[in-house]
Amino acid sequence: MFGARSFPMTAARRACRRSAARVVDNREMPTSSVTPETAPESRCAPRVVLADDDVLLREGLASLLDRSGFDVVGQAGNGTELLALVRSARPELAIIDIRMPPAHATEGLQAARVIRDELPGTAIIVLSAHVEVEEAMELLAGGERLGYLLKSRVTDVAEFIETVERITAGASVVDPSLVQELVRARRRRDPLDVLSPREREVLALMAEGASNAGIARRIFVTEGTVEKHVRSILTKLDLPESETDHRRVLAVLRFLGAR
């Protein structure tokens with residue numbers, strides 16, 4: 001009952017189709033006869049597909065977007081339906097709930113990955129009830145025309161529509177709450193927090209390729225003192241001795257990964 005839905009063609013969409021057809025039929029005419037002002041793309045509303053298993057939220061978003069100049073061409077209640085709609089309609093924008101049936105885990109995010117791979121020109125907005133740091137980072141690594149918004153932000157209609165327009169136009173937008181959480185998460189997860197300031201300095205010089213003797217000259221200590229710092233660094237970073245992995249290299253990689 002509440003599965004995927006494609007919508008009948010609205011008057012605006014029929015007009016866009018007719019305009020596009022006229023341009024195709026007149027393709028032998030001089031290029032000056034089709035100007036940016038008369039090109040069909042400039043008059044057609046951006047097409048949107050919505051995916052959320054919460055039917056009331058979905059219908060509310062569809063109504064809001066329709067009133068704000070967007071053309072909602074379909075709705076879906078799960079990832080499979082979403083992909084079918086996107087492949088068929090090829091919309092300019094997909095708005096996706098991060099958690100959908102059957103497992104209510106990251107089905108929306110998985111669908112977003114597929115859409116980005118198959119239709120990189122389609123803008124994607126992921127909606128989430130809560131801040132999901134890892135999921136958001138994975139999504140935002142995908143490039144432009146991406147957004148991660150909390151559902152609570154949808155209550156501010158003007159701000160939401162402005163954000164949707166910006167993302168559709170090519171921007172990437174991150175919810176302010178997510179930014180704050182990412183900063184806190186980075187502070188919590190920094191593996192170098194266990195090191196003293198001097199040990200961090202020694203590790204930074206190791207990353208530059210300096211030997212123990214070279215480090216000693218740079219920070220004006222004895223080579224033996226540097227060796228003690230290095231042993232302490234390896235211990236604190238939990239890098240046990242191994243026959244295959246060089247602990248010094250692993251420590252440098254840990255350092256570079258934390259930058």
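Predicted model: local features only at pLDDT ≥ 70, side-chain atom pairs only at ≥ 80, totals over all residues.
**Salt bridges, a cavity and a surface patch**

K236 and E199 pair up in a salt bridge, with their closest N and O atoms 2.9 Å apart; the term covers a side-chain nitrogen of Lys or Arg within 4 Å of a carboxyl oxygen of Asp or Glu. K236 sits in helix α11 (residues 223-236) and E199 in helix α9 (residues 197-207), so this pair ties together parts that are 37 residues apart in sequence. Helices (H or I, at least four residues) and strands (E, at least two) are DSSP runs, numbered from the N terminus.

Residues are numbered from 1 along each chain as its sequence is written, and side-chain values use heavy atoms, with hydrogens and water left out.

The salt-bridge count comes to seven. One of them joins E118 to R87, with the closest N and O atoms 2.8 Å apart. E118 belongs to helix α5 (residues 107-118) and R87 to helix α4 (residues 79-89), so the contact ties together parts that are 31 residues apart in sequence. E118 counts as partly exposed at 43% relative accessibility, and R87 counts as partly exposed at 44%. R218 and E208 also meet through their side chains, at 3.4 Å from N to O. R218 is in helix α10 (residues 212-219) and E208 is in the loop between α9 and α10, so here the parts tied together are 10 residues apart in sequence. R218 is partly exposed at 49%, whereas E208 is exposed at 57%.

Salt bridges also link D52, D97 and K151 in a network. D52 and D97 turn up again in the lining of the largest cavity, along with L50, A51, R58, L61, I95, I96 and L127. A search of the whole structure turns up one cavity of 30 Å³ or more, and the volume of the largest cavity is about 40 Å³. For the record, a cavity is a set of points on a 1 Å grid over the protein atoms alone where a 1.4 Å probe fits but cannot get out, and lining residues have an atom within 4 Å of a point. At least two lining residues come from each of β2 (47-51), α3 (55-67) and β4 (93-97), with β4 giving the most, at three. By residue class, the lining splits into six nonpolar, no polar and three charged.

Back in helix α11, V230 counts as buried at 9% relative accessibility. V230 and M206 are 24 residues apart in sequence, with their C-alpha atoms 9.1 Å apart in space.

L253 is part of helix α12 (residues 247-257) and, at 52% relative accessibility, counts as exposed.

Note on methods
1 Å grid on protein atoms, 1.4 Å probe; cavity = no way out; pocket = protein on both sides within 12 Å on 5 of 7 lines; lining within 4 Å. Points joined across faces, edges and corners; volume = space filled by probe spheres on them. Nonpolar A, V, L, I, M, F, W, Y, C, P; charged D, E, K, R; others polar. Buried < 20%, exposed > 50% of the residue type's maximum accessible area, 1.4 Å probe, protein only.
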